[in-house]
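Me: I have a structure open and want to talk it through. Can you take my questions one at a time?
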Amino acid sequence: MPTPTDRVRRAERSSIRIMFDLAERHDGDLVRLEVGEPDFDTPAHVIDAAARAARDGETHYTSNAGLPACRRAISDMLATEHGVHHDPDEIVVTTGGMEALHLTALATVSPGEELVVPGPTWPNYATQATLADGTFREVPMPAENGFDLEADRVIEAMGEDTAAVILTTPSNPTGRVFDPEECRAVVEAAADHDAYVVADEVYLGLTYDGEPEGIAAYTGHPDHVLTVGSCSKTYAMTGWRIGWLAGDPILIDEVAKIRESTTACTSSLAQHAAIAALTGPQEPIEEMYEAFRRRRDLVVDRVAAIDGLSCPRPEGAFYAFLDPGIDDDSLSVAKHLLEEHGVVLAPGDGFGEAGRGRLRLSFANSEERLHEGFDRLEAGLASY
Ligand SMILES: Cc1ncc(COP(=O)(O)O)c(C=O)c1O
């Protein structure tokens with residue numbers, strides 16, 4: 001019998017998915033704090049724009065790189081909100097930040113080369129490296145500093161085979177915003193190695209402490225930074241599947257070329273929705289942002305009030321990376337919390353070596369459900 005290739009068999013299923021599937025099969029009342037998506041619906045004016053576009057016949061393929069108006073809207077938003085300057089022709093519209101990252105791995109990593117990522121880290125990067133026949137290399141950051149980026153450790157791990165370094169800020173899973181000085185040092189080293197830094201900034205619009213400045217805005221080598229962004233998190237548009245990649249025009253052209261054989265282009269209707277999200281009224285987006293900020297404060301207070309529980313302060317995104325102080329694998333702890341106490345968290349082991357023993361809590365849920373979730377978590381940890 002024919003068999004699937006090694007490269008797809010080597011790709012691992014994430015432990016977040018394991019918890020998601022267990023939760024889906026459970027019939028009790030669960031507080032779901034494992035999912036990484038806003039609980040809000042897409043703002044009405046965005047939905048209206050997509051519906052209007054559909055009725056007006058905007059239902060055809062677009063160019064591989066995306067509608068000029070969509071690329072322009074992204075270019076303007078990046079400049080005004082994140083201080084990152086790219087002409088529209090240095091931007092490709094993608095089917096979520098996910099596709100931008102996958103295509104970036106294909107376009108930057110040659111077989112055998114490395115994708116270097118400070119840990120703990122979002123698990124999909126490892127799969128994307130594997131699918132590019134490359135190697136994924138996690139460089140664990142020290143827990144005692146909240147897993148913040150320490151450039152020296154990343155630079156030490158870089159070598160001839162380093163094709164790219166991914167910096168995710170704000171971070172999934174810790175919610176930390178990396179220090180610009182540390183990011184700058186990594187970009188400098190990448191430039192010395194003829195490597196790229198992929199700035200995964202899909203959570204940048206959800207920065208609570210400090211300014212949402214993109215890495216390309218403050219480095220001395222913006223030409224070595226590939227910026228990935230998305231409408232998913234900031235605009236509550238996960239299901240529309242729309243994101244972008246901005247950077248070196250040579251690489252952008254290559255990515256636009258290979259899209260012809262992957263998705264050809266991003267849904268025309270999603271592109272019209274994105275134009276409305278990026279250029280239309282921002283009040284609904286600000287309201288969601290404020291709600292996330294209040295929840296962040298709630299999470300910080302509740303964690304501080306539980307004996308033996310701690311987490312690095314989330315400065316962005318909607319995650320808290322909890323240290324329950326239990327010396328056991330976090331999948332067992334997460335299963336206990338689900339089965340015995342009805343609260344679902346993502347096991348930290350799923351975020352690499354540095355995440356061992358931790359639990360990721362997503363605060364993309366109402367304040368009332370978060371309080372209920374913390375009550376259950378407190379009881380569950382006490383009884384483990
Ligand atoms: C760190 C990070 N990057 C990229 C993505 C991709 O998001 P999307 O494809 O919805 O834009 C996610 C989604 O969870 C994420 O957490």
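Me: What order do the strands of the open sheet have?
Reply: The order is S2-S8-S7-S6-S5-S3-S4. That is an open sheet of seven strands with mixed pairing. Two strands pair if DSSP finds at least two bridges between them. Strands (E, at least two residues) and helices (H or I, at least four) are DSSP runs, numbered from the N terminus. This is a predicted model: local features need pLDDT of at least 70, side-chain atom pairs count only at pLDDT 80 or more, and totals for chains, interfaces and linings use all residues. Residues are numbered from 1 along each chain as its sequence is written, and side-chain values use heavy atoms, with hydrogens and water left out.

Me: Which are the edge strands?
Reply: Strand S2 (91-94) and strand S4 (135-140). Each pairs on one side only.

Me: How are neighbouring strands turned against each other?
Reply: By 20° on average, direction ignored. Axes are lines fitted to C-alpha atoms, for helices over the stretch in contact, and angles run from 0 to 180 degrees between N-to-C directions.

Me: Do S3 and S5 pair in the parallel or antiparallel sense?
Reply: Parallel, over three bridges. S3 covers residues 114-119 and S5 covers residues 162-168. Val116 stands opposite Val165 in S5.

Me: What is the bridge partner of Val165 in S6?
Reply: Val197. S5 and S6 run parallel, and five bridges join them.

Me: Is S6 mostly covered or uncovered?
Reply: Mostly covered: five of its five residues are buried. Buried means under 20% relative accessible area, exposed means over 50%, and partly exposed is in between (1.4 Å probe, protein chains only). Tyr196, Val198 and Asp200 point one way from S6. Val197 and Ala199 point the other way.

Me: New topic, helices. Which strands does H5 lie across?
Reply: S2, S5, S6 (196-200), S7 (225-230) and S8 (243-246). H5 runs at about 155° to S7.

Me: How do H5 and H6 cross?
Reply: Their axes come within 8 Å and cross at roughly 40°. That makes H5 oblique to H6. Angles under 35 degrees count as roughly parallel, over 145 as roughly antiparallel, 65 to 115 as roughly perpendicular and the rest as oblique. H5 is residues 96-108, and H6 is residues 124-131.

Me: Is that crossing left-handed or right-handed?
Reply: The crossing of H5 and H6 is right-handed.

Me: Now Thr94. Where is it, and is it buried or exposed?
Reply: Thr94 is in strand S2. Thr94 is buried, with a relative accessible area of 0%. Leaving aside neighbours within four places in sequence, its contacts include Glu99, Trp244 and Arg259.

Me: And where is Thr234?
Reply: In the loop between S7 and S8. Thr234 counts as buried because its relative accessibility is 12%.

Me: Last one. Where is Pro222?
Reply: In the loop between helix H9 (215-218) and S7. Pro222 is partly exposed, at 37% relative accessible area. Pro222 and His85 are 137 residues apart in sequence, and 9.2 Å apart in space, C-alpha to C-alpha.

Key
Left-handed = near helix turned anticlockwise from the far one by under 90°. Contact = heavy atoms within 4.5 Å.
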